[in-house]
Every structure is written in structure tokens, then in C-alpha cells.
Amino acid sequence: MFVPYIPERVAICSHHLIIHAKVASTSLRTCGQRVDPHDKWDKPTIAIIRNPLQRWVAGYTMYLADLSRHNTGRLTFLPPHHFTYDVHTTQQVYKIRKDTHLIRFEDINEYADRCGFKLPHLHQTPPLLKQCRADCVLWMSNNLEYKQALKHHLRFDYKLREKCVSVQSLPENLFIK
């Protein structure tokens, strides 16, 4: 049975890292041991939070790429009509617990260094995906009402970003191996 919003986690050092789609998820999965979603939350958790609008644009682009694979096989930008399409566009806030330590996506390499691993970059963005993403950004710049409504929809993720702390300020006991 699928239960929505059970966070995917990996065990790294002495904490669990919550994995979000479009937040280096493929790379981060390789850096830790998968945690069964039904296991107890018996370790502190950390989550890496990406800029909500940037993550949404990347997620919507990925949704369009997945859609094209099942239809025409040709990636084409389509203007969005909703805010949530699939796991790539679902808000990050739904996976976060009250006691989760939050850090910014921009600090991911510093986090990896503190954990003692080199973060692999497993997915280079193909040119067609880059173009589709650019088309989405351009479309949004010409459709400010939609963009503002989307930002309002993502407001809880923006609040998460405000709560992020520096990697150096995280407790030392999270990084014991």
C-alpha cells in the first residue's frame, strides 16, 4: 500500500537525511544507507531545502520530460495549468518534521564535506531539458499572475528556507561515524 508523503530517508553518519526530488536526490541516495520508510524515527534528521521556485521549475521540466517519454517522445514546453503535477513538483514541507535540521541546497557540498564524502554529480542536465527549463522561466516572466500564485502556493517552502541554518552550526553529534 502506498501512503502519501512518507519521507524517503538515507542514514548518513549518525543522522537520517530526508531525500527530496529535484534536490540532488539521485546523488544523495548513493551517499547513505536507505532507511525503510516504516522504520522508527530514532535518529535526528536533516533536510536540504532548495529554493522553492527553482525546484518547482526543475520539477515541472522533469514532469514534461516524463510526459514526453510516454507520448510523442519529443520534449516540448507546455504552459502549466496547476501547481502540483507529480513528486517533482510536490512541496518540500510535506516531508519535514518539526525537529528536522534544515540547511540550504547551496550548502550541499559543505554538508558532504562535513559528512566525509564527495557528492557525485550523477545527472548532467541534457540540452533539451535546459531549453525547456529556460522556456518555462521565460513563460513565467510573461505570466506574472501565475508566478505570483505559484509563489503563494509555495509559501510554506519559502518559510522552510527562512529556517535553514549553516552547516557549521549543526551539532557535532550528527556527524559521528
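Colleague: Which helix does Val137 lie in?
Modeller: Quick background: this is a predicted model, where local features need pLDDT of at least 70, side-chain atom pairs count only at pLDDT 80 or more, and totals for chains, interfaces and linings use all residues. Residues are numbered from 1 along each chain as its sequence is written, and side-chain values use heavy atoms, leaving out hydrogens and water. Helices (H or I, at least four residues) and strands (E, at least two) are DSSP runs, numbered from the N terminus. On that numbering, Val137 sits in helix H4.

Colleague: Is Val137 buried, partly exposed or exposed?
Modeller: Buried means under 20% relative accessible area, exposed means over 50%, and partly exposed is in between, using a 1.4 Å probe and protein chains only. Val137 has 47% relative accessibility, so it counts as partly exposed.

Colleague: How do H2 and H4 lie relative to each other?
Modeller: The axes of H2 (residues 52-70) and H4 (residues 127-141) come within 9 Å and cross at roughly 125 degrees. Axes are lines fitted to C-alpha atoms, for helices over the stretch in contact, and angles run from 0 to 180 degrees between N-to-C directions. Under 35 degrees counts as roughly parallel, over 145 as roughly antiparallel, 65 to 115 as roughly perpendicular, and the rest as oblique. H2 and H4 are therefore oblique.

Colleague: How many nonpolar residues does the contact of H2 with H4 have?
Modeller: Contact means heavy atoms within 4.5 Å, and the residues making it include Trp56 and Tyr60 of H2 and Cys136 and Val137 of H4. Ala, Val, Leu, Ile, Met, Phe, Trp, Tyr, Cys and Pro count as nonpolar, Asp, Glu, Lys and Arg as charged, and the others, Gly among them, as polar. The tally is 1 charged, 1 polar and, for nonpolar, 13.

Colleague: What is the orientation of H4 to H5?
Modeller: H4 packs on H5 (residues 144-153) with axes 6 Å apart, at about 105 degrees. That angle makes H4, relative to H5, roughly perpendicular.

Colleague: Within what arc do the buried residues of H6 fall?
Modeller: In H6 (residues 155-162), the buried ones are Asp157, Leu160 and Arg161. The arc is that of the directions from the helix axis to the C-beta atoms. These residues line one face of the helix, because seen down the axis their arc is 100 degrees.

Colleague: What is the relative accessible area of His88?
Modeller: His88 is in the loop between H2 and E5. Among the residues it touches are Arg55, Met62 and Asp66. His88 is buried, with a relative accessible area of 15%.

Methods:
Lists of a residue's contacts leave out its neighbours within four places in sequence.
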